[in-house]
Amino acid sequence: MALAREIYQALEDIVGKKNISEDIGVCESYRSIASQTSAHYGPFDHWTPLPQAVILPGSTEEVQNVVRICNKYKIQFKAGSTFYATMAYIGSDYAVQLDMRRMSKIEIDAKNQCAIIEPYAIAAVVQAEAMKVGLNLNIPGVGCSSSTLASTSGWAGFGPTSIFMGASGENLLSAEWVLPDGEVIKTGSAGAGAGWFCGEGPGPSFRSVFRGVTGVAGSMGVCTKIAVRLHPWPGPTFLPSDGVLPAYKAVLPDNFKCYTLCFPDWEGWTTAAAIIHENDVLYLGHRQYNMFGRNLKGAMIRILTDPEKQLCDLPELLEDPELQKQNESMKLEFQVVIAGMTKKDMEYKEKAIDEILKLSRGWKNEMMLEKDVHDWALLYLLRLGHKNLNYVLCGAYEGNFGMSSNLYVTTPLMEEASALKRKWEVEATAIAATGGDSEMGSISGIGGGGVTGWEYFTNFDAYDKDSIRGTKEFFDDTQRWMTEHGLGGDFSRWNTECRREDSYNYTQEEHDSFFVKMAQPHVMAYQWKVREAFNPNHLGGSYYRTLTPDKVPEGK
Amino acid sequence: MSLQDYRPMMERCSMCLNCRWIPFDKIKSQRYGQNCPSIGYYNFNTNTARGRFQMAQSMLDGRTTYTDDVIETIHSCTACGACDMACKVCRYNLEPLDHNLELKAHAVADGKTLPGQLPVIENLVKENTMLVGAKKANRMDWAEGLDMIDLFKETADVAFFAGCQYSYNKDLQKVARNAVKVLQKAGVKVGTLGGADNCCAGRALQMGFTKEYNDQSSANIKAFEKAGVKTIVTPCSDCYHAFKRQYPKSGSTVEVLHMVEYLDRLIADGKIKFTKSVPMSVTYHDPCHLGRLGESFTPWEGKEKKILNQVHTWEPRRPRYTGANGIYDAPRNILASIPGVELVEMERIREYSWCCGAGGGCSDTLPEFSSWTAGERLTEANATGADALVSACPWCKNNFANAVDENGNKMQVLDIIELVQMAL
């Protein structure tokens, strides 16, 4: 049903004629094809619902007024910034899409080491502005094209630098939040008019409501401004990038080094990671280039660092004996960046890395030390630039397995998980054959070291219906394997509790039917109460997971 | 190709929206991080390469029809290729610019044009130029008094092709005259087709008027053959792109050089020597069709081949136009060789340069959008503190000369040929 004229007019009066559209072509471009599954939903061969209108608010006041109109007429709404992930899109037919693009301000508060940002400030620009004053931010795994506000306020948010800087939740300070009913509150110190430097006070915290651990994916109102914690950047005031597209690289001073640390077995790998967790050595730690798969990573690095090479060069590169040797050398590896705050600090960190390698029977891969490759890897990891290497192989990918846990729980299972993926690569053709093990992710998903954040990258072809279907079947199989091993939800299924397979919101009855079976159903029942208090008209969609309290089984 | 042929790209686009930004590795500030004028001005996702893929797919599927907004969106692409190169930082098998142009051609074939396009195309058909009001009969007025060789009677080192802006625009004619004089002073035998040439029609192609482009380009190729043209030198970046990248698809084998390439050679060979100092700081704007779209055409015929189950490649190897091999160094070499000139670079340069806004016919059809795009560049140029903005394309110069930056300030805009002339 189209919006009634008086509703559309009321919305247009708020944002101005140029900043709202119900044109069919415009609205069609605000649908997500669920075969492109970023952020762990799908793959399915259909689109998210068509919005009734697309609205581009330019201020918190405009957001507030739009939300009030939505409440008045019971219209669902969802705010998106970069529209990278399906979670940013609406989930019902009677809904409007907010595009936060016009709200993109960045203010760097160097004294308090934080950036006060609006939704459309992507990580690459926040980082560029922060570096001007010797600071940096944690860019989560989604990459630098993502909205820092969205990932910090609304999703899990760990990444390569989390070991040094912490994950998104740890970096969220004060926030300005338009509640689902249109009221505006400021959390933390901003709530007391004391600046933006603190998330907890003076002033209300609301962290558990507002964000929790994994975030509410934009389903509880609209976050319009946050302060994000910044961290030391002992480098130049901008990333000095040169080289030929797409093989850009960064020549940084000697106090930056990027190494690929390699190990003879998972035991050695685990030993090294565990020591790193206990020592303040890394600026960045990630198993990154294994995203291309155990068999392909060396060849892909050669392609990505040579502007003349293309994917059609893969077969020839895979036959190259020297490259095979290098690939074998980094079969079990992860990448680290060390950054010296002083000359002595750098010397200490170099020695520490060497000592860790001794204790873990490891070595540094030679190919990754070649000057061009080193400088390319360093630039890539620091900016998490062209993060969308995810898409290089096939255009579509999804992370699965998702073993975010203690090192000693997950690493013993790696080969078994890899074998399962390899079986699907060999026996079916739906997913790209990359060598089974394509596990990648953070060495630590929290600041200082601790829980890991890993996923297996599975590449498939979104244009090939058999590939989409077959990939989904593979994910069903990995979920079966995860369940058998007591590992919980597969990464590829994270959002399938939040949006139905047909891409629409779940009804409360549907949510009740599966959350009642949870080990701790009270969590979702508590969230039901929170939603009723903050979002009485249920306008945010079903990314907020709830269970009707009277459905909680007795004794739970 | 037809729009339907682009369906695999539409469905394989990853929705990453790299197409909105200069390569992330190149971003130095928030202010100058964006690359696409169309979403910069209109703000809706629809105006990105991703949005265009999506809109086109919904048209093919029958969900989207030609509304006024859809038609304007389709034609509000300056064909600058910034999205294309940003995409290719990541992807090896998408061609966003080709798709944007095919979408325009599809709309034009369906009769869905903008009002401002028709007089331009009518003039192209009638007078062989896309400058409304200009007459074929006056095409060589700019060259009056210049002693150029008639290529239908004699041979020359190069055929000089001024292009429509330099031929008809009274403010720019002197630049073309100076270009010829500079070449002649360096001992180059400069030939002309004497008005037998037509508009290159590259802009018609950028606007989706494929038939009109084909008619003009065929006529030009025949004229080149008849006159025995081996090498063309042009000071116009639009003409350069048309001749170098598009005409070979229709069989042209003529060597094509932009004036900056030729000047760079002459300076390096010592045939041009500067005698005066030009104490001026300048910033250089890379024209899209000379820079990232200035790469040579390589013929290719082949098909998709999947390897490793689902990795799509091309057999045989397909040329990849990333913009990396455009013409960037030649103009900078020239500026470096002029005594007194100091080059201060903007943040968005070379393959990730911001467009002037004139491309895709937008300066004629969507003047407000076009002017805003030029103003954005002037803001960036003024931020360098340079005395002047230098370019190597009359369309860029013209668009900049008529625009103001975000503070309402104008800027001195020079063609690089003018700067060379000042130093001789």
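## A five-stranded sheet in chain A

Chain A holds an open sheet of five strands, paired antiparallel in the order S5-S6-S10-S8-S9. Its edges are strand S5 (106–109) and strand S9 (184–187) of chain A, each of which pairs on one side only. On average, neighbouring strands of the sheet are turned by 15° against each other, direction ignored. The model described here is predicted.

Asp109(A) has Cys114(A) in S6(A) as its bridge partner. Helix H4 (residues 123–131) of chain A packs on the sheet, where it touches S5 and S6 of chain A. The direction of this helix makes about 35° with that of S5(A).

## Domains of chain A

The domain assignment divides chain A into domain 1 (5–102), domain 2 (106–232), domain 3 (246–467) and domain 4 (508–551). Between domain 2 and domain 4 of chain A, the C-alpha centres lie 26 Å apart.

These two domains touch: ten residues of domain 2 of chain A are in contact with nine residues of domain 4 of chain A. On the domain 2 side of this contact, six residues are nonpolar, three are polar and one is charged.

## The interface between chains A and B

Chain B contributes 53 residues to its contact with chain A, and these meet 63 residues of chain A. Several elements of chain B give two or more residues to this side: helix H1 (7–12), helix H3 (49–60), helix H4 (68–75), helix H5 (82–88) and strand S8 (311–315).

Sorted by class, the side of chain B that touches chain A has 20 nonpolar residues, 21 polar residues and twelve charged residues.

## A covered helix in chain B

Helix H17 (residues 394–401) of chain B is mostly covered, with seven of its eight residues buried. The buried residues are Pro394(B), Trp395(B), Cys396(B), Lys397(B), Asn398(B), Asn399(B) and Phe400(B).

Notes: Residues numbered from 1 in each chain as written. Chains lettered and ligands numbered in written order. Predicted model: local features only at pLDDT ≥ 70, side-chain atom pairs only at ≥ 80, totals over all residues. Contact = placed C-beta atoms within 7 Å. Helix = DSSP H or I, 4+ residues; strand = E, 2+ residues; numbered from the N terminus. Nonpolar A, V, L, I, M, F, W, Y, C, P; charged D, E, K, R; others polar. Buried ≥ 20, exposed ≤ 12 C-beta atoms within 10 Å, placed from the backbone. Domains from an automatic or database assignment. Pairing = 2+ DSSP bridges. Axes fitted to C-alpha atoms, helices over the stretch in contact; angles between N-to-C directions.
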